[in-house]
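Please look over the sequence and the structure shown here before reading on.

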Amino acid sequence: MQITRTVYREDHEMFRTTVRRFFEKECAPRQSEWDHAGRVDRETWLKAGREGLLCITIPTEYGGGGGDFGHVAIFSEEYARAGLSGPGFGVHSDIIAPYIARVGNEEQKKKWLPGCCSGETILAIAMTEPGTGSDLKAVRATARREGNEYVINGSKTFISNGLNADLIIVVCKTDPNAGAKGISLIVVEADRAGFRRGRKLEKLGQYAQDTAELFFDDVRVPASNLLGEEGKGFAYLMGELPQERFSIAVTAAARLEVALEQTLDYVKDRRAFGQTVWDFQNTKFKLADIKAQAIAVRLMIDHYLGEHMRRRLTLEESAIAKLYATEALGKALDEMVQLHGGYGYMLEYPVARSFVDMRVNRIYGGTSEVMRDLISRKL
Ligand SMILES: Cc1cc2nc3c(=O)[nH]c(=O)nc-3n(C[C@H](O)[C@H](O)[C@H](O)COP(=O)(O)OP(=O)(O)OC[C@H]3O[C@@H](n4cnc5c(N)ncnc54)[C@H](O)[C@@H]3O)c2cc1C
């Protein structure tokens with residue numbers, strides 16, 4: 001990218017070597033197999049756990065890597081470089097495990113986190129329902145307290161890791177009349193009676209990611225499965241969403257750089273009308289625009305990455321990062337598919353895979369419109 005990056009330390013770069021080796025050896029060669037299966041096998045999760053690549057920021061006393069968000073960003077950059085799409089390591093390690101680490105009590109952390117770090121326990125978070133996504137306050141799943149148990153009812157959809165998950169953090173109403181203040185987070189083990197997984201959803205991209213519907217019919221869990229306090233679920237979600245959104249922005253920045261390199265290689269090789277596609281002025285101008293965008297995105301992401309490593313990133317800043325990086329990537333990928341001609345439409349070309357796999361970045365974790373709404377509230 002020709003700019004000096006100062007955000008990483010030496011230990012971050014050493015970690016990069018381990019991650020790159022793992023993705024090149026254990027993941028990239030299996031992408032096509034996972035795409036066809038619609039999910040990633042358990043053995044790969046266990047291997048990632050053995051290499052210390054799951055739950056990188058979770059404290060070592062619970063089996064985690066004890067790293068910071070710089071390690072997470074390196075992981076995302078290498079994931080993009082390897083062209084991976086599917087292993088839901090990020091959502092597991094950087095979005096869901098932190099809820100247990102930050103909101104859970106000591107007993108819960110000791111019980112659940114070691115398995116999450118080793119890959120024996122795969123995590124999902126179930127917020128979205130068929131009737132509500134952006135408006136989280138409107139979730140209808142309920143958890144009724146009966147003695148020492150909660151009885152959970154409701155259905156969830158679009159849940160990443162939905163088929164593989166062993167533990168699901170369910171966003172539900174413990175007080176259906178209290179709006180956001182009635183929301184709680186309750187952990188459900190996948191072997192509880194009354195829990196059922198629906199079909200694997202057929203998606204536009206990310207074929208190897210097991211995205212599924214989940215159903216809860218009178219699922220009983222001990223009251224000790226409540227994360228944090230009753231009625232504080234919405235506040236916990238607001239506390240963790242900046243990291244989720246920023247992770248998506250970090251991925252978008254890396255994908256943009258990788259796709260630009262791939263497109264440059266392609267156009268400099270491909271010939272039309274007695275010259276390379278690169279020789280057309282249109283190609284040079286389009287790619288110059290994309291380069292300028294990629295640099296702007298990189299500078300913004302590295303600045304916010306530093307802020308997040310100091311735990312200073314705000315909800316508004318994470319929304320700015322997600323909005324800007326994912327919109328820039330979306331527009332650039334459309335142009336780069338075009339520059340590939342028909343090959344840009346073939347899924348065996350990385351630019352086509354990025355085009356379909358990355359479209360969702362402007363939707364999940366909060367849509368671009370929701371990001372604009374959040375940003376505009378502070379204007
Ligand atoms: C591949 C994939 C994986 C996912 N993984 C998970 C997961 O693991 N767990 C989970 O809980 N959810 C997950 N989701 C759900 C995702 O977070 C939601 O789809 C997303 O938040 C949008 O909600 P919705 O689909 O209900 O859209 P809606 O909320 O119905 O939005 C429809 C349209 O209305 C717009 N809109 C909504 N509110 C506003 C507003 N205030 N102002 C202007 N426009 C607005 C939206 O921007 C959008 O364009 C996943 C989704 C996908 C596609």
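The model is a predicted one, in which local features need pLDDT of at least 70 and side-chain atom pairs count only at pLDDT 80 or more, while totals for chains, interfaces and linings use all residues. Residues are numbered from 1 along each chain as its sequence is written, and side-chain values use heavy atoms, with hydrogens and water left out.

**Threonine 174**

- Threonine 174 sits in the loop between strand S4 (167-173) and strand S5 (183-189), strands being DSSP runs (E, at least two residues) and helices likewise (H or I, at least four), numbered from the N terminus.
- With a relative accessible area of 18%, threonine 174 is buried (under 20% relative accessible area; exposed is over 50% and partly exposed in between, with a 1.4 Å probe and protein chains only).
- Apart from neighbours within four places in sequence, threonine 174 is in contact (heavy atoms within 4.5 Å) with residues including Ala143, Tyr150, Glu230 and Gly231.

**Glutamate 77**

- Glutamate 77 belongs to helix H4 (residues 69-81), and at 7% relative accessibility it counts as buried.
- The side chain of glutamate 77 makes a polar contact of 2.6 Å with the side chain of tyrosine 8.
- When residues up to four places away in sequence are not counted, glutamate 77 touches Arg5, Tyr8, Arg16, Ala254 and Arg298.
- Although glutamate 77 and alanine 252 are 175 residues apart along the chain, their C-alpha atoms are separated by 9.1 Å.

**The ligand**

- The ligand is surrounded by 17 residues, the closest being Thr128, Ser134, Phe158, Thr367 and Glu369, with a residue taken as near if one of its heavy atoms lies within 4 Å.
- An oxygen atom of the ligand is 2.6 Å from an N or O atom in the side chain of glutamate 369, and an oxygen atom of the ligand is 2.7 Å from an N or O atom in the side chain of threonine 367.
- Domain 2 (124-231) and domain 3 (235-376) both give residues to the shell around the ligand, so the ligand lies between them; the domain bounds come from an automatic or database domain assignment.

Note on methods
A polar contact is a pair of N or O atoms within 3.5 Å; within protein, one must be able to donate a hydrogen and the other to accept it, and residues adjacent in sequence count only if both atoms are side-chain atoms.
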